[in-house]
Amino acid sequence: MSATDQRTSTLWLVEVFVSLKPAVNDPQGLAIRDGLHMLGYHEVDDVRAGKYMQLELSGEDQSQVEARVQEMCEKLLANTVIESYRFDVRPSISDEETAG
Amino acid sequence: MSTRYAVITFPGSNGEHDALKAVEMGLGQPVEAVWYKETSLERFDFLLLPGGFSYGDYLRPGAIARFAPIMSAVEKFAAAGGPVLGICNGFQVLTEAGLLPGALLRNQELEFRCNWLHVRTETTRTPWTSGLDLGQVLHLPIAHGDGRYFADPELVDELIANDQIVFRYSTATGERDSTLNPNGSVDDIAGVSNRAGNVVGLMPHPERAYDPLIGGDDGLRILSSVLKAGAAAISG
């Protein structure tokens, strides 16, 4: 765990989840729900279909990475007229392994 | 000097040749395709954003195209009041770019819909509909999988109040009938404009209706409106 170079940026793994806002009708989700019902999973009340994106990127610290990813979501990854998003940021494991 | 139409072409556009032919053959007007890497539109009077699947519809239809180099020039052109018409994928690009309100979602029935239908003209205040009569019905083809226009109830009220709904799906005689709405669009909306009215988007394809030989020429009523609008502006 050397910290000789303070400007060394860390590699991060970001998982972004995008889904239609609750007010937006999601026919794909309804079709998936009906499919599950046909398979006998009648306990399924609702399905919302969405998108999952995995980003690998470098950044100085978690809050800086979070601010950048939020920008990316607002500008491109989600259309906030119809979609909501959330994301998880964590240090890339492969980076820790190679660093150690 | 001369009236020139530009057809903005992205990788994955497929309606650009229809648009070029419609303007050339249907209107007899000069028209050029403009590749997405270009950055200037100063020599043009009217912009068409054609249908297709720009950037493969990746992420969302129009989401990547809106950042193409040419889009800065499109935004500048629109901000200066220039007439811009987005057709199908072009409509999707304009909503993603924030030049038109709302968004376009996967069709309600999850099917790609490809057929002729009717739309009713809801306003003549835009340069693309100024040559039409209010309530005039047009026979046009559609071909889309993501044409369900979405606006939340507040936005729909705003669009109505500001006269921004340009076309609605209708019967051949101009009555509203939601069973003829092909994609589940809110309020049977087939086309909208920006607040100023110079930017219009619609899901049906006027550029594929430019000759009776191919099913009809009602599309020319839309594409030629800007010529009259331009002439009126010059004479006025």
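Begin with the largest nonpolar core of this predicted model, which holds 68 residues.

Keep A6(B) on the screen and look around it.

Next, colour the strands of chain B, where 9 of them form an open sheet with mixed pairing, in the order 2-1-3-4-11-10-9-6-7. Go to strand 2 (31-35) and strand 7 (137-144) of chain B, which stand at the edges; each has a single partner strand, so one side of each is left without a neighbour in the sheet. As you move across the sheet, the twist averages 25° from one strand to the next.

Within this sheet, select strand 10 (residues 189-193) and strand 11 (residues 199-202) of chain B, which run antiparallel and are joined by 3 bridges. For one particular pairing, show V192(B), whose bridge partner in strand 11 of chain B is G201(B).

Finally, turn to the place where the chains meet, with 9 residues of chain A in contact with 11 residues of chain B. On the chain A side, helix 1 (residues 27-38) gives the most, with 3 residues, and the residues of that side divide into 7 nonpolar, 2 polar and no charged.

Note on methods:
Residues are numbered from 1 along each chain as its sequence is written. Chains are lettered from A and ligands numbered from 1 in the order in which they are written. This is a predicted model: local features need pLDDT of at least 70, side-chain atom pairs count only at pLDDT 80 or more; totals for chains, interfaces and linings use all residues. Two strands pair if DSSP finds at least two bridges between them. Helices (H or I, at least four residues) and strands (E, at least two) are DSSP runs, numbered from the N terminus. Axes are lines fitted to C-alpha atoms, for helices over the stretch in contact, and angles run from 0 to 180 degrees between N-to-C directions. Two residues are in contact if their C-beta atoms, placed from the backbone, lie within 7 Å. Ala, Val, Leu, Ile, Met, Phe, Trp, Tyr, Cys and Pro count as nonpolar, Asp, Glu, Lys and Arg as charged, and the others, Gly among them, as polar. A nonpolar core is a set of buried Ala, Val, Leu, Ile, Met, Phe, Trp, Tyr and Cys residues joined through C-beta atoms within 7 Å. A residue is buried if 20 or more other C-beta atoms lie within 10 Å of its own, exposed if 12 or fewer, and partly exposed in between; C-beta atoms are placed from the backbone.
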